[in-house]
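Dear colleague,

My findings follow directly after it.

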Amino acid sequence: DLFSARSGVGVVAVTLSQTSAGEAARGGRAVLWGDVSRREDVERLADRVREVDCWVHSASSGGCGEAGYREVYLQGCRNLLDCLPGVPGIFCSSTS
């Protein structure tokens with residue numbers, strides 16, 4: 001498994017809901033919760049994962065229309081860039 005401790009790759013996943021984070025963490029994964037469109041959430045998450053080599057933004061807008069896309073994709077990337085300065089990122093867009 002690419003994301004296992006045996007692989008030597010450290011991965012921390014972030015999901016929107018605290019419930020989903022708890023369920024995913026049961027599999028031994030490092031999972032945090034927060035909303036990337038909310039700066040205060042990203043600041044809190046960044047404080048917990050300061051030593052990251054890169055971030056990957058592959059969140060879903062949940063089909064919330066144009067405003068939802070702007071919040072999650074555009075504001076989410078801005079928050080990640082601002083809260084993790086100098087850390088390279090990858091943005092994965094949806095096709096919806």
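In helix α2, which spans residues 39-48, the buried residues are Asp-41, Val-42, Leu-45 and Ala-46; buried means under 20% relative accessible area, exposed over 50% and partly exposed in between, with a 1.4 Å probe and protein chains only. Viewed down the axis of α2, these buried residues fall within an arc of 135°, so they line one face of the helix; the arc is that of the directions from the helix axis to the C-beta atoms. Among the elements covering the buried residues of α2 are β1, β2 and α3 (65-83), where contact means heavy atoms within 4.5 Å. Helices (H or I, at least four residues) and strands (E, at least two) are DSSP runs, numbered from the N terminus.

Please note that this is a predicted model, in which local features need pLDDT of at least 70, side-chain atom pairs count only at pLDDT 80 or more, and totals for chains, interfaces and linings use all residues. Residues are numbered from 1 along each chain as its sequence is written, and side-chain values use heavy atoms, leaving out hydrogens and water.

Strands β1 (residues 12-15) and β2 (residues 30-33) pair in the parallel sense over four bridges; pairing requires at least two bridges found by DSSP. Thr-15 has Trp-33 as its bridge partner in β2.

Finally, the cysteines. The whole structure contains zero disulfides, a disulfide being a pair of cysteine sulfur atoms within 2.5 Å. For Cys-92, the nearest cysteine sulfur is that of Cys-77, 9.5 Å away. Cys-92 is partly exposed, with a relative accessible area of 33%, while Cys-83 is buried at 6%.

Yours sincerely
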